[in-house]
Amino acid sequence: MTSKANMPWEDRPEGCTDVMWRYSQNPVIGRYDIPTSNSIFNSAVVPFEDGFAGVFRCDNKAVQMNIFAGFSKDGINWEINHEPIEMEAGNTEMIESDYKYDPRVCWIEDRYWITWCNGYHGPTIGIAYTYDFKTFHQCENAFLPFNRNGVLFPEKIDGKYAMLSRPSDNGHTPFGDIYISYSPDMKYWGEHRCAMKVTPFEDSAWQCTKIGAGSVPIRTKDGWLMFYHGVINTCNGFRYSMGAALLDLENPDKVLFRTKPYLLAPAAPYELMGDVPNVVFPCAALTEGNKVAVYYGAADTVVGMSFAYIDELIDFIKNNSL
């Protein structure tokens, strides 16, 4: 799905040699950008009409987790609804939810699909669809608890919907690999396959504890470009960083290349300090030609943005792969 608006972009700063760089005006969304919010982070953005739309994780001042719709003309300045999304029944009458967080949004064929971590006797993957970001239809949960980081592919694979996820536990999961699952109808999911595992500590320690899919994979001639987060458990707690991988176009459970070094790790003040320090957590990516803009949660508090050139990124992944 394309928009008439230009994707947000800022050229690489002079003297910067990194393959990915931060937006100089980060954070693009602050923690108090709606009246009730304690924090706004780990949110998803897509092109929509003459601008952009998004689904945002907004924790309120009671630290109740929910998702909110929002709109922007330029992808940087956002008007986020002050009330959370109210779901209608989609392919099920069971739309129970104790909490909702960490949404992703994916355009497939004729509608926008939203996935998120849904509270149903523990965290699992909730699914809904919308045509206009005003009315949302909740569907069956994809999986049994416990699971997080449900990310759909933007087109069917061999005639089936495909989703990446990270089976977990009910707490602050100290483990986690990325799996792929398939569905004929967005209701029943199966054919679960392990797609990508954590790395040995001595090979790439930043992603040795757990990993999870980030933004919706991007089709390139070299494979599906997937941004993901990796975690190391340090003496100061978990540290989340961003990497990228190339998955086979026809068999996306096959990893062609993945970054040994991270692309972006907590370094800026808004990534190092917040409700959960030391977090860079990608959730969405916009593309325009050879450019990509990645939205990421920072310190579980605000939303930041980073940029890269896709061809440079692919070369970097291939030349610095595990």
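1. Basis. This is a predicted model, in which local features need pLDDT of at least 70, side-chain atom pairs count only at pLDDT 80 or more, and totals for chains, interfaces and linings use all residues. Residues are numbered from 1 along each chain as its sequence is written, and side-chain values use heavy atoms, with hydrogens and water left out.

2. Sheet β11 to β14. An open sheet is built from four strands in the order β11-β12-β13-β14, with antiparallel pairing. Helices (H or I, at least four residues) and strands (E, at least two) are DSSP runs, numbered from the N terminus; two strands pair if DSSP finds at least two bridges between them. The edges are β11 (147–152) and β14 (190–196); each has a single partner strand, so one side of each is left without a neighbour in the sheet. From one strand to the next the twist averages 30° (axes are lines fitted to C-alpha atoms, for helices over the stretch in contact, and angles run from 0 to 180 degrees between N-to-C directions).

3. Pairing within that sheet. β11 and β12 (residues 161–167) run antiparallel and are joined by four bridges; here Arg148 stands opposite Arg166 in β12. Between β12 and β13 there are five bridges, again antiparallel, and Tyr161 stands opposite Ser183 in β13. Four bridges join β13 to β14 in the antiparallel sense, with Ile180 opposite Arg193 in β14. β13 and β14 form a hairpin with six residues between them, and Met186 in the turn has a positive phi of about 65°.

4. Cover on β13. Five of the six residues of β13 (residues 178–183) are buried. Buried means under 20% relative accessible area, exposed over 50%, and partly exposed in between (1.4 Å probe, protein chains only).

5. Sheet β1, β22, β21, β20. A four-stranded open sheet has the order β1-β22-β21-β20, with antiparallel pairing. Its edge strands, β1 (21–22) and β20, each pair on one side only. β20 and β21 are joined in the antiparallel sense over eight bridges, and Ala285 has Val294 in β21 as its bridge partner. Helix α2 (residues 310–319) packs on the sheet and touches β20, β21 and β22, its direction making about 85° with that of β22. Contact means heavy atoms within 4.5 Å.

6. Nonpolar cores. A nonpolar core is a set of buried Ala, Val, Leu, Ile, Met, Phe, Trp, Tyr and Cys residues joined through side-chain atoms within 4.5 Å. The largest has 39 residues, of which Ile80 and Phe133 touch the most other members. Strands that each supply at least two residues of this core include β2 (37–48), β3 (51–60), β8 (111–119) and β20 (280–288). Beyond four places in sequence, Phe133 touches residues including Val46, Val55, Val105 and Tyr112. Another core, of 32 residues, lies apart from the largest one and includes Phe143, Val151, Tyr182 and Ile211.

7. Aromatic pairs. Rings of Phe, Tyr and Trp (its six-membered ring) pair if their centres lie within 6.5 Å; planes under 30 degrees apart count as stacked, over 60 as edge-to-face and the rest as tilted. The count comes to 22 aromatic pairs. For Trp107 and Tyr112 the ring centres are 4.8 Å apart and the planes at 65°, so this pair is edge-to-face. Trp107 is partly exposed, at 24% relative accessible area, whereas Tyr112 is buried, at 1%. Ring pairs link Phe48, Phe71, Trp107, Tyr112, Phe133 and Phe136 into a cluster.

8. A pair between loops. Trp206 and Tyr262 are also edge-to-face, 6.4 Å centre to centre with 90° between the planes. Trp206 is in the loop between β14 and β15 (210–213) and Tyr262 in the loop between β19 (255–258) and α1 (269–272), so the pair ties together parts that are 56 residues apart in sequence. Trp206 is buried at 7% relative accessibility; Tyr262 is partly exposed at 38%.

9. Charges over rings. A charge sits over a ring if NZ of Lys or CZ of Arg is within 6 Å of the ring centre and within 35 degrees of the ring normal. Arg111 has its charged end over the ring of Tyr129, 4.7 Å from its centre, and Lys160 lies over the face of Tyr182, 5.5 Å from the ring centre.

10. Val279. This residue lies in the loop between α1 and β20 and is buried, with a relative accessible area of 2%. Val279 and Ala265 are 14 residues apart in sequence and 7.6 Å apart in space, C-alpha to C-alpha. Leaving aside neighbours within four places in sequence, the contacts of Val279 include Tyr240, Pro266, Glu271 and Asp300.
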